Amino acid sequence: MSTTAFGDFLRFYRSRVPLTQEELAERTGLSTRAISDMERGRTLSPQFRTVQLLVGGLGLVGEEAAEFASLARTGRVAGAEERPDAPFAVTSCSLPPVLIELTGRESEKELLDGFAADAASSSRLQIAVVHGAPGAGKTALAVDAGHRLGARFADGCVFLDLRGTDEPLTPDKAAHRLLRSFGVDERQIPADPDDKLSLYRSQLRDRAVLLVLDNAENEAQVRPLLASSPGTLVLLTSRRTMTGLDARHRLPLELLPLNRSVELLRAVTGPERLDAEPEAAERVAELCGGLPLALLIAGNRLTSRPQWTIGHLAGQLEDERRRLSVLRAGDLQVRAAFEISYHQLGPAAATLFRRLALVTSPEVSVALAAVLVDDAEESLEELADASLLGISETPGRYTRHDLLHVFAAERLELDDDPATVLKARTRLRHWLLDTATGAALFFDHDMPAGRAGPVHDRDSAARWLELELENWRGALRSAAAGGEHDRVLALAQAMHWYSDMHGVGELWREVFAAGAHAARQLGNAKDAAEQLNYLSWALYALCGQPHEALAVHEEAAAEPIGDTLTEAWNCYYGSAIRRRLGELEKAVSLGRRSVEEFQRAGYLIGENLALSLLGLMLHTSGNLTEAAEVQQRSVDQHRKADGDDELLSMLLIRLATTLADAGQVIASMDLLDEAESLFRRHSNTAGTARVQHNRGLVLMDEGRFGEAREQLLAALSEARLSDHRVEILARLAELADAAGDSAQAREYRVRALAECDRYDTPAVRVTATKLVAALR
């Protein structure tokens, strides 16, 4: 297009208003000479701010305004082609090439598109900071943005590597390179740093560019390069969060989820190879931890070694001690990328980074970090600013990348004295075990609890035990392996009542088995029997393994202890196990005996639970009248003693089930509503699911199928319902049949059969037979 096209349209729009050149100059604040030069084609590259003023002065809107601005941009490009020596022409030639298509960052690309749109309509400079861990792909995202979005800016795109992780450019050196990118002749660039920066800012002020400043060291390096420039977007990448900058937009670059990690691996390696070994490919992606650099290296290694299977590479990556050495391809190294950030840390933050290798969980709290180092909060913030830790969605907690954990373990071995590491490891283990024990006691009905570190009441105890589960469970394993029997037993004993409403079967199987072993090593038969009782409960109630539970129950009963309370619990759990095995007479007999033993021991909580359980045994055997009587007695006694809400809820559920089968549906629903209200008051999701399960069954029997389905679906996601999930899925299949949805019914039955394989009870076997028959 002719370089005079912009001038022709300017003259046309001015005449259409109509306005003289002098009137347009007065309206826009431009000089009459400037307008004349543009109309005659003498000014080949009107600046973005000038064009904005003309659009406003001429009253252009919509397509006309866009076309007018486009003509100005075309004039700049044409002018640069006709006069390559023209000063201050901005080009995009400094952008690195895109070596591989950006994969897995669609949402981030959309956000950058929005940032660019904001800049185009803004009257001030827009800054967007992209930050993330080493190897997260910040530069690749910025380069992609430059190529995609540069044409949207009147004066193009300029890219500059600030070399923040190598030999950082000083602000005046950075300004010098940017001035050259703007087309300023070397002879026109002042030698004085302040003058150079002043010239740079004046040139940026009159342009609308996408300025990509990659790999920034810190705020001080970048701040002098920012100037008022309407229509300009500064896209800044850094390993640091750059919180000191007044940035309108911030984009933390997270690690890729598994599906996107596999996509990136496929883009590097090729679809045929990955499709031949999909499971191995997923495992490689998992072991790379969603880090784009690691995935790129893994893909390159596979590409350069066509003889390898993907499974072979996965096997190499499985070994943590070799993983970072395997993730190396030519000059690309995950370890080297991490080392740069690590060596930039202060001494205290570096020490904490290494010692976090002792923490099992990928999350760490301030309180836990304080066990490892002094001034923990300050060091955690430094690590987060350096993107060596992430910020958890839970306030006061930080997240850690798997590969950074491996790197931290390497540095711990290299940089710390083994004796110091042992002391830190022991201190952390003891703190976790002691805090978990103290927290669990807030749920104990028999022992008082006191403040233990970050735990000060029942709510904070529940939060801590859930958030730190992986850590205190790891500490328990370590203590058990190391022979710290006193601490292991103390924790297992404290967990009795907490376990009743929290955690899954495999957790409590491990905890109480460790407790029983510790008690035996200490020579305490009573404590061993107690822990075996709890272990039998976990096996039948949560793991769906009544035969294993019975063997453990009998082992506990054989302990010669002569303790009435322990024997009462043994009868209590034995009654429930016999019911699961279909031995109803033994179940009722043991149930009656457990009530008597608790009464003899003078333990009202146990008596009430035993009465309620006896009612369940009687209910199962068909004696609804006595079942309702003993269950009502348990509820009344518990209310009179002002007992625990969550225990009351359990008693209410059992009574409600019996009343429903006895035809007292309204009374049953009222009790279930009360139980759910109490569970929700304490944020007890497992208890709430139990209510929903039982309410769903009552509603189904009443023919209220829509409501029943809603309740059963709500209960289905709760893992603690264990083998009850089989019944829920089977009932949902029946509801689907009633609704005429045979495909949905089949899906539920297939899922129910899959659940059946996990549990070995007569009831489950009967249900499985029915499911198979229905599927034929």
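# Strand pairing, salt bridges and a charged patch

Three strands make up an open antiparallel sheet, ordered β8-β10-β9. Strands β8 (363-365) and β9 (390-391) stand at its edges with a single partner strand each, so one side of each lacks a neighbour in the sheet. This is a predicted model, in which local features need pLDDT of at least 70 and side-chain atom pairs count only at pLDDT 80 or more, while totals for chains, interfaces and linings use all residues. Residues are numbered from 1 along each chain as its sequence is written, and side-chain values use heavy atoms, with hydrogens and water left out.

**Strands**

- Helices (H or I, at least four residues) and strands (E, at least two) are DSSP runs numbered from the N terminus, and two strands pair if DSSP finds at least two bridges between them.
- Strand β9 is joined to β10 (residues 397-399) by two bridges in the antiparallel sense, with Gly390 partnered by Thr399 of β10.
- Strand β3 (residues 210-216) is largely enclosed by the rest of the structure, because seven of its seven residues are buried (under 20% relative accessible area; exposed is over 50% and partly exposed in between, with a 1.4 Å probe and protein chains only).
- Five bridges join β3 in parallel to β2 (residues 157-161), where Cys157 has Leu210 as its bridge partner.

**Salt bridges**

- The structure holds 43 salt bridges, each defined as a side-chain nitrogen of Lys or Arg within 4 Å of a carboxyl oxygen of Asp or Glu.
- Asp113 and Arg148 form one of them, with the closest N and O atoms 2.9 Å apart; this pair links helix α6 (residues 106-120) to helix α7 (residues 138-149), across 35 residues of the chain.
- Asp113 is partly exposed at 22% relative accessibility, as is Arg148 at 30%.
- Arg163 meets Asp166 at 3.5 Å, N to O; Arg163 is partly exposed at 26%, whereas Asp166 is exposed at 52%.
- Arg411 and Asp415 form a salt bridge at 3.1 Å and lie four residues apart in helix α21 (residues 402-415), about one turn of the helix.
- Arg411 is buried at 12% relative accessible area, while Asp415 is partly exposed at 35%.

**Surface charge**

- Glu101, Glu106, Glu110 and Glu263 form a negative surface patch (residues with over 30% relative accessible area and no salt bridge, like charges being joined within 9 Å and nonpolar side chains within 5 Å).
- Glu263 lies in helix α11 (residues 258-269) and is partly exposed, with a relative accessible area of 36%.

Conventions:
Accessible areas come from the Shrake-Rupley method with a 1.4 Å probe; for residues, only the protein chains shown count as cover. Lys and Arg count as positive and Asp and Glu as negative; His and the chain ends are not counted. The place of a charge is taken as NZ of Lys, CZ of Arg, CG of Asp or CD of Glu.
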